[in-house]
Amino acid sequence: MTGKLPFEALSVETLATRLGTNEALCAKIGKDASAWKVREVGDGNLNLVFIVEGASGGAIVKQALPYVRLVGDSWPLPLKRSFFEYHALTRQERRAPGSVPAIYHFDEGQALIIMEYLAPPHIILRRALIEGRQLPNIARDIGLFMARTLFRGSDLSMVARERKNDLALFADNVELCDITENLVFSDPYFDAKLNRHTSPQLDGLVAELRADRDLKVEAQRLKHIFAANAETLLHGDLHSGSIMVTDTETRMIDPEFAFYGPMAFDVGMLLANFWMSFFSQRGHEQNGKRDAMRAYLLGVTTETWAVFRAEFSLMWRTERDGMLYQKSLFEDQGDRLGSEQALDNVLHQIWEDLLGFAGIEVHRRILGLAHNADFEAIANEDVRATCEAKALKFGRHIAVNRRQIHSIDEVNNLAALIEQESSI
Ligand code: ADP
Ligand code: MG
């Protein structure tokens with residue numbers, strides 16, 4: 001198969017025939033395509049994902065479709081998202097080695113990526129957290145991934161010309177940015193067509209949030225930052241469904257939303273997913289108390305942010321080679337304090353903005369189109385609504401008051417207080 005053929009979606013039946021002569025795939029899993037076993041994974045929202053296993057190993061074949069898989073051809077979405085996912089994965093591997101699946105092959109015309117199969121016991125982090133598993137390394141691994149990719153993709157590190165070229169390349173990821181711009185920042189705050197929420201339990205609270213002027217102004221301020229602050233190459237969709245884990249390993253997958261945006265966006269979205277997991281635990285307690293799990297999750301947010309700050313600070317001191325905050329103005333003049341002051345400012349801005357992005361992310365997962373399994377898997381709708389209402393209240397508080405919140409302990413204390421309230 002070459003990129004010159006017209007695009008054609010793969011199927012379980014056609015995959016071995018169509019990719020049977022692909023050298024990279026044969027080298028990885030074995031040449032005898034008639035012996036390949038092909039399965040569709042099926043839990044992706046946007047794309048086709050196949051697991052292919054041959055005599056000597058397995059691989060993932062991920063192919064974009066000209067529409068949103070979950071919705072069908074009534075919602076067109078360009079194939080080029082595969083191009084952005086491929087280019088994001090190669091940059092992430094360079095900037096944070098070992099943190100993403102290895103790439104074996106990319107075919108732009110067929111919009112397909114052949115990559116490393118993260119075989120069981122790898123599972124999606126969100127699933128592990130719903131099961132109540134406490135994974136020991138995620139805070140460290142994800143904190144390092146975010147610090148390294150966000151710092152090294154910015155003008156703190158890159159050669160200005162290279163970064164500007166890269167910015168131009170990713171600027172074309174218009175349609176996926178548009179999804180975030182609408183689904184995350186706007187739809188939750190008005191009666192948008194694709195919205196849904198647990199009803200009637202949350203109807204009152206939903207009306208209240210849509211009438212909340214301070215919240216709407218803040219959400220639009222954050223959308224403005226998201227759209228206008230092309231600071232670094234973001235993953236763009238870094239939630240617990242985009243991370244695969246074992247007890248010892250952590251890998252980030254699915255960066256098709258990658259584009260140049262504010263550092264705080266990835267960090268805020270990620271932490272929001274830990275806080276949502278925290279608020280959802282009450283709905284998963286049939287098989288035993290989740291007190292230890294709740295404490296673990298708050299600990300993960302604290303540690304992730306601490307690891308992020310420490311690694312970011314280390315890179316600031318040891319590899320700040322871009323055109324921002326040049327050493328010639330600080331260290332080279334013996335002014336280490338000036339450099340540290342600038343670092344504090346940068347980290348402070350990330351902190352303030354990440355709280356906003358986190359609050360908005362919580363809202364859109366409960367009020368918008370794309371809900372997450374943490375809450376959805378709670379079968380009892382009253383219990384689910386209680387968990388969701390607490391999360392909504394928490395999200396509103398951290399988004400609107402983000403400039404007055406000074407530490408992650410403060411945020412976690414608030415989360416614990418709200419979680420313990422008996423009613424909504
Ligand atoms: P989409 O972009 O359509 O959401 P994802 O990249 O999230 O697709 O993949 C969908 C699912 O396929 C994931 O939730 C995961 O279960 C599985 N998957 C994706 N990539 C890999 C991989 N490299 N190894 C193992 N499983 C994977
Ligand atoms: Mg995806």
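Predicted model: local features only at pLDDT ≥ 70, side-chain atom pairs only at ≥ 80, totals over all residues.
Residues are numbered from 1 along each chain as its sequence is written, and chains are lettered from A and ligands numbered from 1 in the order in which they are written. Local features need pLDDT of at least 70, side-chain atom pairs count only at pLDDT 80 or more, totals for chains, interfaces and linings use all residues, and side-chain values use heavy atoms, with hydrogens and water left out.

Select ligand 1 and the 19 residues around it (a heavy atom within 4 Å). D43, N47, K62, E116 and E256 come nearest. By class, this shell has eleven nonpolar, three polar and five charged residues (Ala, Val, Leu, Ile, Met, Phe, Trp, Tyr, Cys and Pro count as nonpolar, Asp, Glu, Lys and Arg as charged, the others, Gly among them, as polar). Domain 1 (22-116) and domain 2 (123-419) each give at least three residues to the shell; the bounds come from an automatic or database domain assignment.

Next, show the polar contacts (N or O pairs within 3.5 Å). The side chain of N47 has an N or O atom 2.8 Å from an oxygen atom of ligand 1. At E116, a backbone N or O atom is 2.9 Å from a nitrogen atom of the ligand. For D254, a side-chain N or O atom is 2.9 Å from a ligand oxygen atom. The protein buries 92% of the 550 Å² that ligand 1 exposes when taken alone (Shrake-Rupley, 1.4 Å probe). Colour β3 (57-63) and β7 (112-116), the elements that give two or more residues to the shell (strands are DSSP E runs of at least two residues).

Now move to the open sheet of three strands, ordered β8-β10-β11 with antiparallel pairing (at least two DSSP bridges between two strands). Its edge strands are β8 (123-124) and β11 (250-252). Three bridges join β10 (residues 243-245) to β11; select M244 and its bridge partner in β11, R251.

Notes. Polar contact = N/O pair within 3.5 Å; in protein donor to acceptor, adjacent residues only side chain to side chain. Helix = DSSP H or I, 4+ residues; strand = E, 2+ residues; numbered from the N terminus.
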